[in-house]
Amino acid sequence: MTRDLRTARTGAVLTFVLAGLLCGSMTVRIPALSDKLGLSEASIGVTLLVWGLGALVTMQSMRGVMARLGSRSVLRVGAPLCAVTLALLALAPTYPLLLGAAALFGMAFGAVDVAMNAQGSTVERAYGRPLMNGMHAGWCVGAISAGLFGTVAIAAGLSFTTHLILVALVSLPVLVFVSRSYLPDPVLSERAAAAGRRRMPPVVYLLGVIAFCAFMVEGTIADWNGLYLRDTLGAAEAVAALGYPVFEAGMLLGRLTGDRVRARFGARGMLVTAGLSTAATFAVVLSAPTALVAVGAMLLVGVAVATVSPMALSLAGGATANPGPAIAQTGAMGYAGLLLGPVIIGFVSHATTLRTALGLAVVLGVLIALAARFLPRPATPSAQEETRERELSMAA
């Protein structure tokens, strides 16, 4: 293992950390943004939707971009742009300009999300062992740090604008410095790159379905667990606020240990287990007699679902000669679940009850397990190498 390879791994993890910090910093100061521009809850919802749609549009267009340019080039431009567009969002003086800045921030984030996962896959291939869960643990660290820094900023009396500009100013030079550590993606012929832009193996779309279900669970918990704890289980506001941080802590724990578990038991069996565990643990949340029991179960849900999306993206990156386009396809399908999940829960909750609507997360866990059963069994390392060489030769 060379020093350059270790540096590349560190750079990829730091990129995940900073992406989580930039995204989380915006989220944690949403109340301050509302106060700054006098926005209603509906206006905040539209702002977040514009941000999410910007990210999704970029992700959908990244297959061709990744095939032509590779993750290193996209990250060297997109990651600093994430910091710059966050600053633009912080400075927006009116609601229309805020929507424009949110769209730009979402578009930059969408490009970075795909590219950093592709870079993670490239580093993972170079190492020859699972690493993606550890990189996604970096995202959890960044998101948790954003919450802690947000608490400090609020206690210090920093405004929404000042706080986000400070985060952007700190992140920008670090992202530029880290960009020197990125590895180039596998070199393909023009014909092979064109093939990657046109079509994907069926397994990539199956992995996209798995990622869709996992991201939908994550989005559902992020947006609805607090309301469920407060309104359905009667928790105090302070107790209800614990649900998401506890879930994120479980996610971090699951991702820190996920690569070692995958190396020992394999991705296919681990995905089946993770799906069933997600269903079982969220069923505990829904049947919990008290809010404290539900909050404790949130930790287990986080551990259970934490490894699903990183493994889906990792397997997609290994399904083709060039990881970028496959990860772009799987990532876009997964991110659609993150956007649609909370909306679907809202409509079902309106028609029935919130507890009934959240039962969808149990169904999604079962679907993850069922879909994982259709994944091909892992080949031996020699067979994998022969398959990859055959793909390259056929594409050339």
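**Close-up views of a predicted model**

Helix α4 contributes the most to the nonpolar patch, with four residues. The model is predicted: local features need pLDDT of at least 70, side-chain atom pairs count only at pLDDT 80 or more, and totals for chains, interfaces and linings use all residues. Residues are numbered from 1 along each chain as its sequence is written, and side-chain values use heavy atoms, without hydrogens and water.

**View A. A nonpolar patch on the surface is formed by V77, L81, V84, L88, L104 and M107.** Together these residues have about 500 Å² of accessible area (Shrake-Rupley method, 1.4 Å probe, with only the protein chains shown as cover). Patch residues have over 30% relative accessible area and no salt bridge, and nonpolar side chains are joined within 5 Å. Helices α4 (62–91) and α5 (95–127) each give two or more residues; helices are DSSP runs (H or I) of at least four residues. V77 lies in α4 and, because its relative accessibility is 52%, counts as exposed (over 50%).

**View B. E124 forms a salt bridge with R262.** The closest N and O atoms are 3.8 Å apart; a salt bridge requires a side-chain nitrogen of Lys or Arg within 4 Å of a carboxyl oxygen of Asp or Glu. E124 in α5 and R262 in helix α11 (residues 243–265) are 138 residues apart in the chain. Both E124 and R262 are buried (under 20% relative accessible area, 1.4 Å probe, protein chains only).

**View C. R255 forms a salt bridge with E218.** Their closest N and O atoms are 3.7 Å apart. R255 belongs to α11 and E218 to helix α9 (residues 202–232). R255 counts as buried because its relative accessibility is 2%.

Conventions: Patch = residues over 30% accessible without salt bridge, like charges linked within 9 Å, V, L, I, M, F, W, Y side chains within 5 Å.
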